[in-house]
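Look at the fold as a whole before turning to single residues. The paragraphs below go from the sheet to a pair of helices and then to some details of the backbone.

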Amino acid sequence: MPAITYELIKQDPATGARAGIIHTPHGSFPTPIFMPVGTQASVKGVSPEELHDMGAGIILSNTYHLFLRPGSDLVREAGGLHKFMNWDGAILTDSGGFQVFSLGDLRKITEEGVTFRSHIDGSKKFLSPEVSMKVQMDLGSDIVMAFDECIPYPADYDYAKASTARTTRWAQRCKEVMTSPHQGLFGIVQGGMYKDLRTRSVNELVEMDFPGYAVGGLSVGEPKELMYEMLDHTVEQLPKDKPRYLMGVGTPDCLVEGVMHGIDMFDCVFPTRVARNGTAMTWNGRLVMKNAEFTSDFRPLEEGCDCYACRNFSRAYIRHLVRANEIFGLRLLSLHNLRFLQRFMHEMRQSIIEERFGEFRRNFLDNYNYGAK
Ligand SMILES: CN(C)CCSCc1cc(N)cc2c(=O)[nH]c(N)nc12
Ligand SMILES: [Zn+2]
């Protein structure tokens, strides 16, 4: 029995949208799903108990960061990442490739792997398919991402072709050393913005029969229309009985469009990052809490929200905390924004099950106004 399995609940008859359940060794969760990001083994300012209370079934963490600090040997000694951070839900770990490639010229790529300098102390480090898999086995995450190169945008055809072929060879090397029966290894589709390379990447990864697939190399600065075009082309070639994960996406409009194209899993730092910038996410757009309009607004951040912030505090109080640089204000906004995304995905999933996804999408996009208010 594979560690990760996908159960289709409902396919929207008119679009690629679908509702399902993903089963993992640390529990099952409904899809489509948004995964809170806990890069360094914590979702910034949020406790595991609060993550459970808001309905999070899976969180993200990161090979690159934990490899550098505190080191995966320590986490293994602690009994793995679940025990280390006291989270008993599912965990997905990214493979480290993306973070290394974000270092720009501080790294050197060869067939073997990537040499780079730690952003923490400048020491020389090496990541490869084998090292990434060893780290992720030490961490014990339920879903392990293959070690890949996220092709920058723009990239010329020859570079994208050579890089995608290497990512496929790296995926094979990951598969050969990922021996834990309790962890599921996802392949990551690359190919840049070239449809023929995306098709080749999909075909070669599907040939290796992974339990799930991520669409990589998107949300890297390309226009949204181009992202959707690549997404449409890529997802339709992926197996229907396996989960699909769109990496690094995204804002609510991108979540709706990603679901429409058949994506099941999403992650993005957006909700916690904008929270730390003093902004609340609501169905009708963003609230910039420092704005004077909230000075004596004693309503909750969002009417009808059941989060801890909205059940106990007002916009006026949260505005005061943000202006006074009180950490509690940012914590309240993080709790609200993460709960908002859980509610958003739940409503979207219900609309698929009740065959009214098209109406949900139109209503949301008609009211969508994520310019700061
Ligand atoms: C917090 N998240 C942004 C981190 C997890 S997702 C990181 C991430 C984001 C994007 N856009 C593309 C890729 C990609 O092509 N490959 C990998 N391995 N990771 C990716
Ligand atoms: Zn709320």
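A walk through the model

Strand β11, residues 184-189, and strand β12, residues 212-215, pair in the parallel sense over 4 bridges. The model is a predicted one.

An open sheet is formed by 8 strands, in the order β4-β14-β13-β12-β11-β10-β6-β5, and the pairing is parallel. At the edges are β4 (33-35) and β5 (58-62), each of which pairs on one side only. From one strand to the next, the twist averages 25°. As a general point, the strands of a sheet pair through backbone hydrogen bonds, and the pairing can be parallel or antiparallel.

Next come two helices. Helix α13 covers residues 315-323 and helix α14 covers residues 327-353; their axes come within 7 Å and cross at roughly 130°.

The backbone has some details to look for. Most peptide bonds are trans, and most residues other than glycine have a negative phi. The bond from T31 to P32 is cis, with omega near 5°. P32 is placed in the loop between β3 (27-31) and β4. R69 and P70 are also joined by a cis peptide bond, with omega about 10°. P70 has its place in the loop between α2 (63-68) and α3 (72-77).

Positive phi values occur too. A41, in the loop between β4 and α1 (48-53), has a phi near 70° although A41 is not a glycine. N86 is not a glycine either, and its phi is about 55°; N86 lies in the loop between α4 (81-84) and β6 (90-94).

Are A41 and N86 buried or exposed? The relative accessible area of A41 is 13%, under the 20% limit, so A41 counts as buried. N86 has 62% relative accessibility, over the 50% limit, and therefore counts as exposed.

Technical notes. Residues are numbered from 1 along each chain as its sequence is written. Chains are lettered from A and ligands numbered from 1 in the order in which they are written. This is a predicted model: local features need pLDDT of at least 70, side-chain atom pairs count only at pLDDT 80 or more; totals for chains, interfaces and linings use all residues. Side-chain values use heavy atoms; hydrogens and water are left out. Two strands pair if DSSP finds at least two bridges between them. Axes are lines fitted to C-alpha atoms, for helices over the stretch in contact, and angles run from 0 to 180 degrees between N-to-C directions. Buried means under 20% relative accessible area, exposed over 50%, partly exposed in between (1.4 Å probe, protein chains only).
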